[in-house]
Amino acid sequence: MAFFKKFFDHNIRQRDPKDDGSSVAVVKQKPPYYGTVTPYSNFSATNDASLLKSAIESKGVDEDVITAILVKRSNEQRQKIKTVYEASTGKKLEAALKKALRSDFEDFCLSLLMTPAQFDAHLLRKATHGLGTSEDVLVEILATRSNQEIREIKRVFKEEYKKDLEDVIKSETSGDFTKALLAMLKANRDESNVVDMTLAQKDAEILFESGEHRKGTDVATFIDILTSRSGPQLSKTFQQYATISNNTLPKALKMELKGDIEDCLIGIVKCAWNTPAFFAEKLHQAMKGLGTKESILTRVLVSRSEIDLKKVIEEYKGMYGITLHDHIVKETSGHFQKGLLGLL
């Protein structure tokens, strides 16, 4: 667990709100935007649709033009391009790109054309469809999306796949892991930026009594607290936990739990503590060792490009001593690489 220790040691100095001794601490609001993709200033859906049509139909396909347009337009602008493209050609842009492109670059471009909710619903469908379930994808999405985003994901999932997401989760997972996922799917996490010091102390004591301080673990209590409290509130709870136990909460979870529920709750802890660092870790795992997991690079960069990718980039350099840009250059190639770098 050397890396996990590094993860928390790296971030504890940043997520340590000053305790002024009062029962409630107000956490300073984050600046409004940390995305790398912003609306293109001279945007024309008609011009972009025409350029894409020419690029797709040109001899050999002009991937450079396709990349330049898609990565430099906001998601909202891409939706307008799709509408104009279909109206002017009678064909869906997604179908045209699917026919013209191949492999990882094709998946990357198609991901950019989905709305955030469509992309998440697609990822959840892929994670639960076919042989095996990608538990890490389920946790990543449900632990990092807002209540409103989760509600929209559920709506789109039902619309696209004719099934309730909750029913799919129940059929594809089991035990405490299912309970944790369903708790997050309720979309009722506190999203306040106010930290209640008294509640943090109380929750820390309850978690200690429910895990380390008893025989067996009351997993339901861990699920209830970790899936209902805000990120800032949980961060303070983690700090309070360390004052009543010889272990940090993540270490206690490792000691008390095993399997999918362990990974799930530790993932929630990481997200609450520092979401950009959580995604930096995901990207690093996708590129370390033999082989590169291109699907993870696409998933993270596309989904965070209009949320907090600047912060992810910053955390990556601090955690691994190499820029995300340089690591992507080292581990990828071709137009897929150009697309990823364009989002950075």
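Colleague: Just after H7, which residue takes a positive phi?

Modeller: That's Gly 130, with a phi of about 85 degrees. Keep in mind that we're looking at a predicted model.

Colleague: Which residues of H7 are buried, and what covers them?

Modeller: The buried ones are Ala 117, Phe 119, Asp 120, Ala 121, Leu 123, Leu 124, Ala 127 and Thr 128. Their cover includes helices H6, H8, H9, H10 and H18.

Colleague: How do you know that the span of H9 agrees with its residue count?

Modeller: Same kind of check: H9 has 15 residues, which at 1.5 Å a residue should span 21 Å, and its end C-alpha atoms are 21 Å apart, so the two agree. Asn 147, Ile 150, Ile 153, Lys 154, Val 156 and Phe 157 are the buried residues of H9. They pack against H7, H8, H10 and H11. After H9 comes Lys 162, whose phi is positive, near 60 degrees.

Colleague: Why is Leu 165 called buried?

Modeller: Buried means under 20% relative accessible area. Leu 165 has 2%, so it counts as buried. It lies in helix H10. Leaving aside neighbours within four places in sequence, Leu 165 is in contact with Leu 124, Ile 153, Lys 154, Phe 157 and Leu 185.

Colleague: How far is Leu 165 from Val 302?

Modeller: They're 137 residues apart in sequence and 22 Å apart in space, C-alpha to C-alpha.

Colleague: Why is Ile 313 called partly exposed?

Modeller: Partly exposed is the range between the 20% cut-off for buried and the 50% cut-off for exposed. Ile 313 has a relative accessible area of 26%, so it belongs in that range. You'll find Ile 313 in helix H19. Not counting residues up to four places away in sequence, Ile 313 touches Thr 36, Leu 324 and Leu 344.

Colleague: What about Val 61: what makes its phi stand out, and where is it found?

Modeller: The phi of Val 61 is positive, near 65 degrees, in a residue other than glycine. Val 61 is in the loop between helix H2 and helix H3.

Colleague: Is Val 61 buried or exposed?

Modeller: Its relative accessible area is 17%, and that's under 20%, so Val 61 is buried.

Colleague: And why is Ser 103 called partly exposed?

Modeller: Ser 103 has a relative accessible area of 49%; exposed would need over 50%, so partly exposed is the label. Ser 103 sits in helix H6, and its phi is positive, about 60 degrees, although it is not a glycine.

Colleague: What makes H15 and H16 roughly antiparallel?

Modeller: The cut-off for that label is an angle over 145 degrees. H15 and H16 pack at about 175 degrees, with their axes 10 Å apart, and therefore they count as roughly antiparallel. The contact is made by Leu 249, Pro 250, Leu 253 and Lys 254 of H15 and by Glu 262, Leu 265, Ile 266 and Val 269 of H16. By class, that gives six nonpolar, no polar and two charged residues.

Colleague: Which residues touch the most other members of the largest nonpolar core?

Modeller: Of its 97 residues, those are Ile 66, Leu 97, Phe 108, Leu 249 and Leu 265. The largest share of this core, nine residues, comes from H16. As for Phe 108, its contacts beyond four places in sequence are Val 71, Thr 298, Val 302, Phe 336, Gly 339, Leu 340 and Leu 343.

Notes: Residues numbered from 1 in each chain as written. Predicted model: local features only at pLDDT ≥ 70, side-chain atom pairs only at ≥ 80, totals over all residues. Heavy atoms only, no water. Buried < 20%, exposed > 50% of the residue type's maximum accessible area, 1.4 Å probe, protein only. Helix = DSSP H or I, 4+ residues; strand = E, 2+ residues; numbered from the N terminus. Contact = heavy atoms within 4.5 Å. Axes fitted to C-alpha atoms, helices over the stretch in contact; angles between N-to-C directions. Parallel < 35°, antiparallel > 145°, perpendicular 65-115°, else oblique. Nonpolar A, V, L, I, M, F, W, Y, C, P; charged D, E, K, R; others polar. Core = buried A, V, L, I, M, F, W, Y, C linked by side-chain atoms within 4.5 Å. Expected span 1.5 Å × (residues − 1).
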